[in-house]
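Please study the sequence and the model before reading each solution.

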Amino acid sequence: MSKRSNGLTEAKIKKWIKEGRGNGHGPKYKPWLTARDVASKGRSHRIFGHKSRRIHHLFSDLELAVFLVLIGVTRQLISVSSFHYSKKSHLN
């Protein structure tokens with residue numbers, strides 16, 4: 001098995017800048033680091049974000065758990081706020 005180099009080199013940084021990593025917005029955003037860039041004995045996850053319309057690269061189970069909790073909280077806030085506004089409009 002070959003060992004992967006996990007150190008950043010000047011050539012690697014220049015290549016990533018040329019690729020446009022760390023730039024963009026929404027679905028066109030390219031992360032600076034991806035799950036494939038980091039040599040690890042741990043687990044990484046790539047999960048599609050329906051709101052952002054792009055793949056999110058998560059480097060641990062903890063990051064995945066936080067991501068999923070925040071998605072749930074966001075959905076609850078949206079449903080509560082839409083309920084609040086619809087209820088308010090029916091009072092008039």
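**Exercise 1.** Where is W32 found?

Solution. W32 is found in the loop between α1 (10–19) and β1 (45–49); helices (H or I, at least four residues) and strands (E, at least two) are DSSP runs, numbered from the N terminus. The model is predicted, local features need pLDDT of at least 70, side-chain atom pairs count only at pLDDT 80 or more, and totals for chains, interfaces and linings use all residues. Residues are numbered from 1 along each chain as its sequence is written, and side-chain values use heavy atoms, with hydrogens and water left out.

**Exercise 2.** State which salt bridges R21 forms.

Solution. A salt bridge is a side-chain nitrogen of Lys or Arg within 4 Å of a carboxyl oxygen of Asp or Glu. First, R21 pairs with E19, the closest N and O atoms being 2.9 Å apart. Next, R21 pairs with D37, where the closest N and O atoms are 2.5 Å apart. R21 and D37 both lie in the loop between α1 and β1, 16 residues apart.

**Exercise 3.** Explain what the salt bridge of D61 and R43 ties together.

Solution. The side chains of D61 and R43 meet at 3.2 Å, N to O. D61 lies in helix α2 and R43 in the loop between α1 and β1, so the pair ties together parts that are 18 residues apart in sequence. R43 is exposed, with a relative accessible area of 57%, whereas D61 is partly exposed at 39% (buried means under 20%, exposed over 50%, partly exposed in between; 1.4 Å probe, protein chains only).
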